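Good morning, and thank you for the time.

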Amino acid sequence: IHQYIPFIKGLSLKAAFSDDWQLYEYKHWSTPYISYRLNSSGGYDEINGFESTKPSLGEGDRKWNNYTFQGYANYNNQFGKNSIAGLIVYERRWGNANVLEASRSQYDFTIPEVNMGSPDHTYQANDGYSSSYAQQGIVARASYNYNEKYLAEFAGRYDATYLYAPGRRTAFFPSLSVGWRMSKENFIQDTLHFVHDLKIRA
């Protein structure tokens, strides 16, 4: 969604949302086989690369949901020789995951269902977990210039995220810059005709 605000010249708003939904279901049925290798005496040696001579099954269900929202406010206007611009962006990401898995081995019957595996717990394995996360941040920038000659800009980012250390989940990162386009000055234009665009910035 992108909307210009008619009663405030130079201001526009924008919003975006995305949903990333993933589902992974699997069912792996493994049947051991025996292979043979010709030996030097003309006979055959049996090769079995499996730990068991009976089938095994692995089955699982994995789900992920990830959401992202972004909101923008952009301003750009000029008053005579003065130009002002500003931008604020808010972003939030959150999501969750659910995983459930099981495996069975030593099947006496070739029926690939979990409940048909060996009743011995030695040949059974179950696993599963769930998790969730969230993070958000704000980016802001404000700039001013006079007649494209004197420039100033402030920018900053504020983050709140689970990726930072406990007790320090938030942080702010500011920056400031100023500039002078010397090529706009009369003493440059009158004396150094070969200089078209010269700027100093710090």
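Which residues does R93 touch, not counting residues up to four places away in sequence? Before I reply, two remarks on conventions. This is a predicted model, in which local features need pLDDT of at least 70 and side-chain atom pairs count only at pLDDT 80 or more, while totals for chains, interfaces and linings use all residues. Numbering starts from 1 along each chain as its sequence is written, and side-chain values use heavy atoms, with hydrogens and water left out.

To the question, then. R93 touches Y67, T68, Y133, A134 and Q135, where contact means heavy atoms within 4.5 Å. R93 has its place in strand β6; strands here are DSSP runs of E with at least two residues, helices are runs of H or I with at least four residues, and both are numbered from the N terminus. With a relative accessibility of 38%, R93 counts as partly exposed. On this scale buried means under 20% relative accessible area, exposed means over 50%, and partly exposed lies in between, with a 1.4 Å probe and protein chains only. The C-alpha atoms of R93 and R141 are separated by 21 Å, and the two residues are 48 apart along the chain.

One of the residues that R93 touches is T68, which is found in strand β5. T68 is buried, at a relative accessible area of 19%. Its contacts, leaving aside neighbours within four places in sequence, are A16, F17, S18, E91, R92 and R93.

Let me turn to the aromatic residues. The whole structure contains 8 aromatic pairs. For this count, rings of Phe, Tyr and Trp (its six-membered ring) pair if their centres lie within 6.5 Å; planes under 30 degrees apart count as stacked, over 60 as edge-to-face and the rest as tilted. F17 and Y67 form a stacked pair, with 6.4 Å from centre to centre and 20 degrees between the planes. That pair links distant parts of the chain, since F17 is in strand β2 (residues 11-30) and Y67 in strand β5 (residues 56-79), 50 residues apart. Y67 also pairs with W94: their ring centres are 5.5 Å apart and their planes are at 25 degrees, so this pair is stacked. Here too distant parts are linked, with Y67 in strand β5 and W94 in strand β6 (residues 82-105), 27 residues apart. Within it, F17 is exposed at 53% relative accessible area, whereas W94 counts as partly exposed at 28%.

How are the strands that carry these rings joined? β2 and β5 run antiparallel and are joined by 20 bridges; K27 has E59 as its bridge partner in β5. β5 and β6 are also antiparallel, with 24 bridges between them, and the partner of G60 in β6 is E101. The hairpin of β5 and β6 has 2 residues between the strands, and G80 there takes a positive phi near 65 degrees. Further along, β7 (residues 124-146) and β8 (residues 150-161) pair in the antiparallel sense over 12 bridges, among them the one from I138 to Y158 in β8.

These pairings belong to an open sheet of 8 strands with the order β1-β2-β5-β6-β7-β8-β9-β10 and antiparallel pairing; two strands pair if DSSP finds at least two bridges between them. β1 (2-4) and β10 (199-201) stand at the edges with a single partner strand each, so one side of each is left without a neighbour in the sheet.

Finally, the chain as a whole. Its secondary structure comes to 1 helix and 10 strands, in the pattern β-β-β-β-β-β-β-β-β-α-β along the sequence. The radius of gyration is 33 Å, well over the 17 Å that the globule rule gives for 202 residues, so the chain is more spread out than a compact globule. That radius is taken over C-alpha atoms, and the rule is 2.2 Å times the number of residues to the power 0.38. Along the principal axes, the C-alpha atoms fill a box of roughly 100 × 50 × 35 Å. Buried residues make up 21% of the 202 residues. Among contacts with a separation of 6 or more, 58% are between residues 24 or more positions apart.
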